[in-house]
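Dear colleague,

I am handing over the structure below, and after it you will find an account of what was found there.

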Amino acid sequence: MTEVRREVFGQMPQEEGGGVVEKFILKSDSVKVEILSLGCIIAALETKDRDGKFSDVVLGFDTLEGYTRKHPFFGAIVGRVANRIAKGRFTVEGKEYQLFLNNGPNSLHGGARGFDKVLWSPQVVPNGICFFRLSPDGEEGYPGDLQVWVTYTLSGGELAINYRAQTSKITPVSLTNHAYFNLAGQGSRDIYDHEISIQADSYLPVDDTKIPTGEVATVQGTGFDLRQPVELGKHLQKFHLDGFDHNFCLEQAPARRLVARACHPPTGRAMEVHTTQPGIQFYTGNNLDGSLKGKGAIAYPKHSAFCLETQNWPDAVNKPHFPSALLRPGEEYNHTTYFLFSTA
């Protein structure tokens, strides 16, 4: 059985509407997760190494203040639409919508005040916690009242995140969790000694503002072929890559499937990602620059963590040949992603 505890983590600043932020602690025999009601943020995730020693493997902050200031979405749920929408514009049923531009010429992760920056209503459920919020019609420029439920459940070494949404008008929806992992333990210098594999035959090349060009390119013979495990540091060097910030195209199937694996041979920690989503964004913390100090006042430099964000393909709302990102009234958006922690 998973133990679920709740405690007060802090109070939102008055200019953010005040409100108490709670922390929920889910604990099994092999994993301990701490999740905040602000942004449904995974604030800590402790898992064992091969000697049975627990370490926290996600980047973040010790106090609420870190999360209320600008940060790169550490551990948060992002939406309504994860990733980038070109020029922050899209058209639904002949009507054009303009979103806030917060990433150069584009809109990123829901806009100025996305799902990561708001308080959610929590409810304890068996082995976990369910967060709910209503995103009102017009919030951040998106159409329709959107009801959203995000449920975290912990079972042994498996953390499942289920996302559900229902809308009153046709609207794009793509939700993900933006946890930054380092299996050596958060605060470790880099992720170069991690082994990564992603079960994808194709990926999306991007332009210089990180918007997909529209091409669905084969990984065969490129640095994006991660179908067999690669040691990250050596792989980046070999292919002269500055890092990854790309969507990998997964097999289109509604069933749960294994899509990625990360392993840290020195500690034996391993993590599998299973999902029902059509894409996974592999990001290697390229924009971390050491200026942010996280837990224990440790600086987080470039490539000190990786993200494996399961989601729809970026800018899908503007690319008719990508999997549809539109949710219609009477339908339900329902996806689950599973993080499986073990030791090798």
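About 270 Å³ of space lies in the second largest pocket, where a pocket is, on a 1 Å grid over the protein atoms alone, an open set of points with protein on both sides within 12 Å along at least five of seven lines, a cavity is a set of points where a 1.4 Å probe fits but cannot get out, and lining residues have an atom within 4 Å of a point. For volumes, grid points are joined across faces, edges and corners, and the volume is the space filled by probe spheres set on the points. This second largest pocket is lined by 18 residues, and those closest to its centre are Pro-278, Asn-312, Ser-324, Tyr-333 and His-335. Two or more lining residues come from each of β26 (326–327) and β27 (333–343), and β27 gives the most, with 3 residues; strands (E, at least two residues) and helices (H or I, at least four) are DSSP runs, numbered from the N terminus. By class, the lining has 9 nonpolar, 7 polar and 2 charged residues, with Ala, Val, Leu, Ile, Met, Phe, Trp, Tyr, Cys and Pro counted as nonpolar, Asp, Glu, Lys and Arg as charged, and the others, Gly among them, as polar.

Please bear in mind that this is a predicted model, in which local features need pLDDT of at least 70 and side-chain atom pairs count only at pLDDT 80 or more, while totals for chains, interfaces and linings use all residues. Residues are numbered from 1 along each chain as its sequence is written, and side-chain values use heavy atoms, with hydrogens and water left out.

The largest pocket has a volume of about 730 Å³, and of the 32 residues that line it, Lys-70, His-71, Pro-72, Phe-73 and Leu-108 lie nearest its centre. Both α1 (64–68) and β24 (279–283) supply at least two residues of this lining, which divides into 11 nonpolar, 11 polar and 10 charged residues.

As for the chain as a whole, its secondary structure comes to 2 helices and 27 strands. Its radius of gyration (taken over C-alpha atoms) is 19 Å, close to the 20 Å that the globule rule gives for 344 residues, so the chain is as compact as a globular protein of that length; the rule is 2.2 Å times the number of residues to the power 0.38. The C-alpha trace spans about 60 × 50 × 40 Å along its principal axes.

Finally, His-274 lies in strand β23 (residues 269–275). Leaving aside residues up to four places away in sequence, His-274 touches residues including Arg-256, Val-259, Thr-336 and Tyr-338, a contact being heavy atoms within 4.5 Å.

With best regards
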